Structure formats: structure tokens, C-alpha cells
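Student: I'd like to go through this one with you piece by piece. Can we put it on screen first?
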Amino acid sequence: MSYSDPVMAICYDFDGTLAPGNMQEHDFFPDLKITPKDFWKESNDLAKEHEADPILVYMKLMLDKARLSGKVRISKSAFRKYGRSVDFSEVSKAGSTISMITPRKKGSGSSTT
């Protein structure tokens, strides 16, 4: 089976367990020349106005602002660039524990280590 559009899966740290703060505040917002305070106010206002889910609203707003900027791209290479700027070591300093998911071997009990 072939696809005409690119297929992409996104892993996103919604609850701040992988990196400190909101990941988009590290490079994405600065690239758009917007402050986190202004972005979150606009996003929250839109969610309230449209009685919509706040997470879906801010994700769409990020896409809209990137497209309107004409400079910020939403692509695999852009995600890699943004991911390199996030300090994941802060998680271990905060004492969080993250389990790695590994394939389950036939007859084994757990799928995490």
C-alpha cells in the first residue's frame, strides 16, 4: 500500500514529565517571535470562545501561526531541530522515573523495564 501524503507519528510531552515546562516554549515560540504569555492567552481565549478542548486549540494555533509566519516549518527536520534544544536531563534532576517500553518476549510477563 502506498500513501500520497506523508505519514507521521508525533510523541509529545503533554504533562511535562520528559522536559521542564512546555516543549514549544524552548524554540518554537521564539522562532515565531511570540511570548509564551501572549500565546497561551490567545489559545485559552479561543478555547473558551469556541467551547473547545484547550489542547486541540493550542495545537491548531501552533500550526496556524507557523503557516502564517512563512518562516517556521512543521516538518520532520524542524521537529528534530526543536527536540535537540530541549534539556531532558532536567527530568532526572527532578526525580521523575520514566520506564522504557520494550517488545515483549514470548512467555515473558512485563513489557516495561
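Student: At the start of helix 3, which backbone nitrogen does a side-chain oxygen of Asp53 reach to?
Tutor: Bearing in mind that this is a predicted model, the side-chain oxygen of Asp53 comes to within 3.0 Å of the backbone nitrogen of Ile55.

Student: And what follows helix 3 at its other end?
Tutor: Gly70 follows helix 3, and its phi is positive, near 70°.

Student: Which residues of helix 3 are buried?
Tutor: They are Val57, Tyr58, Leu61, Met62 and Ala66. Seen down the axis of helix 3, these buried residues fall within an arc of 165°, so they line one face of the helix. In general, an α-helix has 3.6 residues a turn, so residues three or four places apart point the same way.

Student: What covers that buried side, and which exposed residues sit on the face turned away from it?
Tutor: The cover over the buried residues includes helix 1 (28–32) and helix 2, while the face turned away carries the exposed residues Leu56 and Arg67.

Student: Switching to Ser43, is it buried or exposed?
Tutor: Ser43, which lies in helix 2 (residues 36–50), counts as buried because its relative accessibility is 1%, where the cut-off for buried is under 20%.

Student: What does Ser43 touch, leaving out residues up to four places away in sequence?
Tutor: With those left out, Ser43 touches Pro54, Val57, Tyr58 and Leu61.

Methods
Residues are numbered from 1 along each chain as its sequence is written. This is a predicted model: local features need pLDDT of at least 70, side-chain atom pairs count only at pLDDT 80 or more; totals for chains, interfaces and linings use all residues. Side-chain values use heavy atoms; hydrogens and water are left out. Helices (H or I, at least four residues) and strands (E, at least two) are DSSP runs, numbered from the N terminus. Buried means under 20% relative accessible area, exposed over 50%, partly exposed in between (1.4 Å probe, protein chains only). Contact means heavy atoms within 4.5 Å. The arc is that of the directions from the helix axis to the C-beta atoms. A polar contact is a pair of N or O atoms within 3.5 Å; within protein, one must be able to donate a hydrogen and the other to accept it, and residues adjacent in sequence count only if both atoms are side-chain atoms.
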